[in-house]
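Here are a few notes from my pass through the model, jotted down in the order I'd look at things. Have the structure open while you read.

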Amino acid sequence: MKISQKHDVNISGRYAFSPRVSNSRIKVICGPMFSGKTKHLIAAISHYQKEGKKVVVFKPQLDDRYGDDHIVSHDKDETPAINIVRPAEMLDLFHNADVVAIDEAQFFDATIVNVCSIIADQGKSIVIAGLDMDYKANPFGEMPLLMAMADEVKKLNSVCTFCSGKARFSHRISQDDQLVVLGEKDKYVPLCRSCYNELKEK
Ligand SMILES: [Zn+2]
């Protein structure tokens, strides 16, 4: 249809919609390792709780670096969380919550995308934290799709280990070559693009 004809569009149906007081929102917090993703997630959870909202927090079972039933930032902020293996488990557990929070979302399988849609369609807000790129600088898991469907995406930087610039890459310094290797600063360093590329060439 030409723009000049758009006054012909029938908008009478809009009166069938009731006014929205608030809408559910999907927010993604992403970045490399040591960029404060979990810290920002815990701050968002705390913000919702201060508004009187009930938040349920999920994390993948495989991430057992810290306490089994908490998510913990590198600064040792923490909040209780439910360990799950498959995203569909969230569908049995989110109903009493106003907000669903998910940490380390890059580790979940492809069903997380549909599960998040179902939860948002029920009027719940979702806040998701995860690595946007793996150690080879490829998009990690379903994070690209989650970022595409989000209402808001916050990209965090870390500090480059070599030049102190803004780091977007999680470089693995151990010799493991599997995609998922859990570890801290013994296995990964955050790097900027220039230092990452320079190291790759060596
Ligand atoms: Zn650098």
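1. A definition to begin with: the expected span of a helix is 1.5 Å times one less than its number of residues. Keep in mind that this is a predicted model. Helix α1, residues 37-50, has 14 residues and runs 20 Å from its first C-alpha to its last, close to the expected 20 Å.

2. Which residues of α1 are buried? They are K37, T38, L41, I42, A44, I45 and Y48. Looking down the axis of α1, these buried residues fall within an arc of 160°, so they line one face of the helix.

3. Just after the helix, G52 has a positive phi of about 85°.

4. Now the metal. The SG atoms of C160, C163, C192 and C195 coordinate the zinc ion at 2.3 Å. Angles among the 4 donor atoms run from 103 to 116°, and the site is tetrahedral. Along the chain, the donors follow the spacing C-x2-C-x28-C-x2-C.

5. C160 sits in the loop between β9 (158-159) and β10 (166-167), while C195 is in helix α5 (residues 193-201), so this pair ties together parts 35 residues apart in sequence. On burial, the cut-off is under 20% relative accessible area. C160 counts as buried at 2%, and C195 is buried with 12%.

Definitions and conventions. Residues numbered from 1 in each chain as written. Predicted model: local features only at pLDDT ≥ 70, side-chain atom pairs only at ≥ 80, totals over all residues. Heavy atoms only, no water. Helix = DSSP H or I, 4+ residues; strand = E, 2+ residues; numbered from the N terminus. Buried < 20%, exposed > 50% of the residue type's maximum accessible area, 1.4 Å probe, protein only. Arc of directions from axis to C-beta. Donors = N, O, S within 2.8 Å, 3.2 Å for Na, K, Ca; no water. Tetrahedral: all angles 85-135°; square planar, octahedral: opposite > 155°, others 65-115°.
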